[in-house]
Amino acid sequence: MLKEIKKAIERIEELSKTKPIRIISHFDTDGITSASIFSRAMERWNKKFSLQVVKSLDEDFIKSLPENHILIFLDLGSGSLDYLKEKNTEIFIFDHHEIIQDIPQNVTMINPLLTKEDPLSGAAICYLFAKSLSPKNKDLAYLSVIGMVGDSLEKNLSKIYDEILKDSETIIKRGLLIYPSTRPLDKVFEYSSTPYIPGVTGSYTGTLDLLREANIPKIDGRFKALYELKDEEMSNLITAVMLKCLGDKKSQELIGNIYLIKFFNKLEDARELSALINACSRMEYPSVCLGL
């Protein structure tokens, strides 16, 4: 896929000498992080471009797109090829969704499904584009980790993701998948809705009882955050939560990798950031989370 990405870079470089660039990205976490990576890479490449975040593509919207622009789609477009073939301009699609129509001649498709790669998020594909463009774009790797978590692709990591995690200096800790893992445990459990823990969610007293059962005390007047727990403490906490959730078939899904990334010089939980970005965009403020 890297060969195709490099060819796309060369073609965009050639076309951009006479045409401006129009970027359209999806409105979920993966789409927003894709747009963030791609737009920053284009900015550093000194390219003129505009960016639009959309919920979906339909025929009327595609017809309204200017044909005197290079059209680039991020995290969407693979299901709209019959409409895109009617556009009298070159189109580039960086996507990971299923391709259900023939790829037209005016479309350059960058999709891991074409080269039988392991599953990748749109943000990961955009990061590979940015890194191929310049090694200086390695500082954007953490955004693709947020996109990966946003699309629930963190359970079976490929070699490509291993490289991205190294580039982003992501810290991985095994434990309970209750976010945010960077906030004090008493607040995290009291306000936890995913998962809902009987007798704990919505109850500060129940939360204190849970932490007491797990033998996790306050230190210097505060509870630790999840990522600060030692292995024994994490094991005790997992047992206490499992006992509360007894009979819930999904209880085993509560254990997995916690991804901690550096964000504004602070260690943050990628799941929390993913949820914030997704919620902000779905409330029709994609520009706010894109700006963040």
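Me: In which loop does Ser 121 lie?

Reply: The model is a predicted one. Ser 121 lies in the loop that runs between β5 (107-110) and α5 (122-133).

Me: Is Ser 121 buried or exposed, and why?

Reply: Burial is judged from relative accessible area, with under 20% counting as buried. Ser 121 has a relative accessibility of 0%, and therefore counts as buried.

Me: What is Ser 121 in contact with, leaving aside its neighbours within four places in sequence?

Reply: The contacts of Ser 121 beyond those neighbours are Asp 30, His 96, Ser 144, Gly 147, Met 148, Leu 153 and Tyr 161.

Me: How is the packing of two helices described?

Reply: Two packed helices are described by the angle between their axes and by the distance between those axes. Here, α5 and helix α7 (residues 159-168) pack at about 65°, and their axes are 11 Å apart. Angles of 65 to 115 degrees count as roughly perpendicular, and α5 and α7 are therefore roughly perpendicular to each other. The crossing of α5 past α7 is left-handed.

Me: Which residues of α5 and α7 meet?

Reply: From α5 come Ala 124, Tyr 127, Leu 128 and Lys 131, which meet Ile 160, Tyr 161, Ile 164 and Asp 167 of α7. By class, the residues of this contact comprise six nonpolar, no polar and two charged.

Me: How many residues of helix α6 are buried, and what covers them?

Reply: Helix α6 (residues 141-150) is mostly covered, with eight of its 10 residues buried. These are Ala 141, Leu 143, Ser 144, Val 145, Ile 146, Gly 147, Met 148 and Val 149. The covering elements include α2 (29-44), α5, α7, β7 (255-263) and α11 (270-282).

Me: Which residue takes a positive phi just after α6?

Reply: Ser 152 does, with a phi of about 55°.

Me: What are the overall dimensions and secondary structure of the protein?

Reply: The protein has 12 helices and eight strands, and its C-alpha trace spans about 65 × 35 × 35 Å along the principal axes. Of its 292 residues, 51% are buried. Among contacts between residues at least 6 apart in sequence, 61% join residues at least 24 apart.

Definitions and conventions: Residues are numbered from 1 along each chain as its sequence is written. This is a predicted model: local features need pLDDT of at least 70, side-chain atom pairs count only at pLDDT 80 or more; totals for chains, interfaces and linings use all residues. Side-chain values use heavy atoms; hydrogens and water are left out. Helices (H or I, at least four residues) and strands (E, at least two) are DSSP runs, numbered from the N terminus. Buried means under 20% relative accessible area, exposed over 50%, partly exposed in between (1.4 Å probe, protein chains only). Contact means heavy atoms within 4.5 Å. Axes are lines fitted to C-alpha atoms, for helices over the stretch in contact, and angles run from 0 to 180 degrees between N-to-C directions. Angles under 35 degrees count as roughly parallel, over 145 as roughly antiparallel, 65 to 115 as roughly perpendicular and the rest as oblique. A crossing is left-handed if the near helix is turned anticlockwise from the far one by less than a right angle, and right-handed if clockwise. Ala, Val, Leu, Ile, Met, Phe, Trp, Tyr, Cys and Pro count as nonpolar, Asp, Glu, Lys and Arg as charged, and the others, Gly among them, as polar.
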